[in-house]
Structure formats: structure tokens, C-alpha cells
Amino acid sequence: MRIKNKLEELYNESTIYLSGIPGCGKSQIACQVGQELYEKSLREDQGLTFVSTLNAETLDSLADSCFNLAKQLGVTEYALTNLARDRGGGGAATSTKVDSSEKIQHLMRFISPKVKQFSAWLIIVDNVVDLSLVRSYLPPTASEEWVHGQVLDRY
């Protein structure tokens, strides 16, 4: 309970990192925090809220998660079409294939304006193996571009 209270206290102040050995309860805490944030926003009628989990085990899995988040947030199919082709969607490889790093950067540019319509949001970044590898792709703390939200990393 103390951990969840501290996480709530830190909400909107900083990016929160949960670390520890596998099986120590990081996933459970992250899920509980997300569930409570969502339920609290419904109870208090705080407007639109979303909680999402991104798989950051590899850059490819992070790109796939960002692609799915972009779709869920309403980024148009037209905007995502070229990126979808380059995600290995069964087409022949081309010389213009975009690597995962570029895909994530493009997707985050699509996602960023969409989060502004939400009064609160939480992105849980799961399965982080190398924090330095994925951190630059995640929303920065206290950014004007990424208002009203928080990133919770688990590694």
C-alpha cells in the first residue's frame, strides 16, 4: 500500500521506474496503479482517460506496441499505412524499409497530439531489458507536448 501511495504522490512529477528481480511484484503494482487511475478518473468524472501498456523487450516489440497504441488513439489508417507495410506485413522487402527506431519516432509523433485530448493518461512500459535503449523514445517528463500523463517503466 505504501508503494502505491508513493506512486500516486509522484504522478505528474516524474517518470517512475520500478525495478527488481523477476517475480517480485512489479507487474502487479503497475497493473493496480493503472486500474486505480482509470477508476478514479471515472468516479471523479475527470474526462477522458487512458491506460496503456507498451512492450519494450526489443525495439521491434516497442514499435509494434506503439503502432497498436496509435490505432487505439485514433490515428488514421491512411497515416499508418506506410509504416504498416514496413512492419513486415507480408510484402516484399524494399530498399526504403524503415527500421524500428524510425518507426517508433514516427509513431510517437502521431500519438503525441492524440494524448492532448485526454485529461489523464498512464503508459506502462513493460519488459524493459535495456532502459537506455528505450528511454529516448518515451514521452519526456513535464513536457508541454505530453501533458496530463505519466510513464511507468518496469525493468
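In what order do the elements of the protein run from the N terminus on? In this predicted model, the order is α-β-α-β-α-α-α-β-α-β. The secondary structure comes to six helices and four strands. The protein has 155 residues, and 41% of them are buried.

Helix 3 spans residues 59-72, and helix 5 spans residues 100-115. Two packed helices are described by the angle between their axes and the distance between the axes. For helix 3 and helix 5, the angle is about 25 degrees and the axes lie 9 Å apart. Angles under 35 degrees count as roughly parallel, and helix 3 and helix 5 are therefore roughly parallel to each other. The crossing of helix 3 past helix 5 is left-handed.

Helix 3 contributes Leu-59, Asp-60, Leu-62, Ala-63, Cys-66, Phe-67, Leu-69 and Ala-70 to this contact. Helix 5 contributes Ser-100, Lys-103, Ile-104, Leu-107, Met-108 and Ile-111. By class, 11 residues of the contact are nonpolar, one is polar and two are charged.

Helix 3 has 14 residues and reaches 20 Å from its first C-alpha to its last. That span is close to the 20 Å expected at 1.5 Å a residue. The buried residues in helix 3 are Leu-59, Ser-61, Leu-62, Ala-63, Ser-65, Cys-66, Phe-67, Leu-69 and Ala-70. An α-helix has 3.6 residues a turn, so residues three or four places apart point the same way. Helix 5 has 16 residues and reaches 22 Å from first C-alpha to last, close to the 22 Å expected at 1.5 Å a residue. In helix 5, Ser-100, Ser-101, Lys-103, Ile-104, Leu-107, Met-108, Ile-111, Ser-112 and Val-115 are buried.

Leu-73 is found in the loop between helix 3 and helix 4 (77-85). Its relative accessible area is 9%. The cut-off for buried is under 20%, so Leu-73 counts as buried. Beyond its neighbours within four places in sequence, Leu-73 is in contact with Phe-50, Ile-111, Lys-114, Val-115, Gln-117 and Phe-118. Leu-73 and Gln-117 are 44 residues apart along the chain, and their C-alpha atoms are separated by 9.8 Å. Helix 3 is also followed by Gly-74, which has a positive phi near 95 degrees.

Ser-52 lies in strand 2 (residues 49-55). Its relative accessibility is 8%, and Ser-52 therefore counts as buried. Neighbours within four places in sequence aside, Ser-52 is in contact with Leu-69, Leu-122, Ile-123 and Ile-124.

Leu-37 has its place in helix 2 (residues 26-43). Leu-37 is buried, at 15% relative accessible area. Leu-37 and Ala-120 are 83 residues apart in sequence. From C-alpha to C-alpha, Leu-37 and Ala-120 are 8.5 Å apart in space.

Asn-127 lies in the loop between strand 3 (120-126) and helix 6 (131-134). Asn-127 is not a glycine, yet its phi is positive, at about 60 degrees. With a relative accessible area of 33%, Asn-127 is partly exposed.

Methods:
Residues are numbered from 1 along each chain as its sequence is written. This is a predicted model: local features need pLDDT of at least 70, side-chain atom pairs count only at pLDDT 80 or more; totals for chains, interfaces and linings use all residues. Side-chain values use heavy atoms; hydrogens and water are left out. Helices (H or I, at least four residues) and strands (E, at least two) are DSSP runs, numbered from the N terminus. Buried means under 20% relative accessible area, exposed over 50%, partly exposed in between (1.4 Å probe, protein chains only). Contact means heavy atoms within 4.5 Å. Axes are lines fitted to C-alpha atoms, for helices over the stretch in contact, and angles run from 0 to 180 degrees between N-to-C directions. Angles under 35 degrees count as roughly parallel, over 145 as roughly antiparallel, 65 to 115 as roughly perpendicular and the rest as oblique. A crossing is left-handed if the near helix is turned anticlockwise from the far one by less than a right angle, and right-handed if clockwise. Ala, Val, Leu, Ile, Met, Phe, Trp, Tyr, Cys and Pro count as nonpolar, Asp, Glu, Lys and Arg as charged, and the others, Gly among them, as polar. The expected span of a helix is 1.5 Å times one less than its number of residues.
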